[in-house]
Amino acid sequence: MTQQTPGTVADVNEIEEVAVEMPAARVRERRPFDLNGWPMLGLGLLMLAGGVAVIVQGSEGDGSPALLVTGVALVILAALVLGSLMAVAPGEARVVQLLGRYLGTVRTDGLRWVIPFTQKRKISTRIRNHETDVAKVNDLDGNPIEMAAVVVWQVEDTAKATFEVDDFVEFVAIQTETAVRHIAGNYPYDAHDDTQLSLRDNADEITAKLSAEISARVSSAGVRVIESRITRLSYAPEIAQAMLRRQQAGAVVAARQRIVEGAVGMVEAALQRLDAADVVDLDDERKATMVSNLLVVLCGDKDVQPVVNTGSLYQ
């Protein structure tokens, strides 16, 4: 495999190959045994009413121990059935555990019923935003820059989010900041040539690289990155003025180069048309004089004062 220098255009084709080693997941989301809660609610109320009626009947007269025991048993069963009901709202899920063992995750919204004696932990599956603090870090050239990003994410695997990390929200925040610092340190703020990616000039490629790295870092927590964007990118205040002057100087040089290229093209076209139309026959010395005069006119910063030659070309 060909070795590539970090920050080159070839890296764009390797966005998916982000090398972030995380431990393999030990648990994955699955669906537990659950039922529609409304029939179970009716069954629980019916058992509760029946148990109370049996207790009342068993306590009448001399009392019947068998009826009392049956009634108490029905009330206890009703309490277990009713206690296993749970309401699941849209955008939420319930992670179900039985004595510490993961049974599954209920994502169906509405009233649901799971087996008794289970622990039901609520977890949000809504889309969330996280914006990092402004990180001050050195770019590939060693210049201090300030950079921040926002990431849009969502819990994709509730089992991983619950059991693979202590706090998946904090995990996403820290890993996002780590990815921002890593990306900032692998690319220069300004590109020195067309073959190198830069933070300022290649926002789409850098953003794609940032999204891929954040995704690789938070996948072990069952989190899916929907989008990430750089929200702030600038030189650090202590070098901002110096870098601004360098950018202005570069812009002036680029503008001058464009003007000279255009002027040379215009002079060349003028000489070719004069020769083609046989308007005037110029020797090399006169052509050089004409080229010099046209370049002064086209490339000069100030308006030139024309001098009219009333004699011949050689006077």
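At 45% relative accessibility, K136 counts as partly exposed; that class lies between buried, under 20% relative accessible area, and exposed, over 50%, with a 1.4 Å probe and protein chains only. The model is a predicted one, in which local features need pLDDT of at least 70 and side-chain atom pairs pLDDT 80 or more, while totals for chains, interfaces and linings use all residues. Residues are numbered from 1 along each chain as its sequence is written, and side-chain values use heavy atoms, without hydrogens and water.

**Salt bridges**

K136 forms a salt bridge with E238, the closest N and O atoms being 2.8 Å apart. A salt bridge here is a side-chain nitrogen of Lys or Arg within 4 Å of a carboxyl oxygen of Asp or Glu. Side chains of opposite charge can pair when their charged atoms come close. A search of the whole structure gives twelve salt bridges. Three of them, including the K136 pair, are listed below with the N to O distance.

| Pair | N to O distance | Sequence separation |
|---|---|---|
| R107 and E29 | 2.6 Å | 78 residues |
| E238 and K136 | 2.8 Å | 102 residues |
| R232 and E146 | 2.6 Å | 86 residues |

Helices (H or I, at least four residues) and strands (E, at least two) are DSSP runs, numbered from the N terminus.

R107 sits in the loop between β4 (101–106) and β5, and its partner E29 in the segment before β1. R107 is partly exposed at 37% relative accessibility, and E29 is partly exposed at 24%. A network of salt bridges also links R31, D34 and R112.

**The three-stranded sheet**

Strands β1, β5 and β2 form an open sheet in the order β1-β5-β2, with antiparallel pairing; two strands pair if DSSP finds at least two bridges between them. The edge strands, each pairing on one side only, are β1 (34–36) and β2 (85–88). From one strand to the next the twist averages 40 degrees, with axes as lines fitted to C-alpha atoms and angles running from 0 to 180 degrees between N-to-C directions. Three bridges join β1 to strand β5 (residues 110–114). D34, a member of the salt-bridge network, has V114 in β5 as its bridge partner.

**Nonpolar surface patch**

M266, V296, V297, L298 and V304 form a nonpolar patch on the surface, with about 400 Å² of accessible area together. Patches consist of residues with over 30% relative accessible area and no salt bridge, nonpolar side chains (Val, Leu, Ile, Met, Phe, Trp, Tyr) being joined within 5 Å and like charges within 9 Å. Areas come from the Shrake-Rupley method with a 1.4 Å probe, and for residues only the protein chains shown count as cover. Helix α7 (residues 284–299) gives the most to this patch, with three residues. V297 is found in helix α7 and is partly exposed at 46% relative accessibility.

**Domains**

The domain assignment gives domain 1 (35–123), domain 2 (127–237) and domain 3 (240–298); such bounds come from an automatic or database assignment. The centres of domain 1 and domain 3, taken over C-alpha atoms, are separated by 90 Å.
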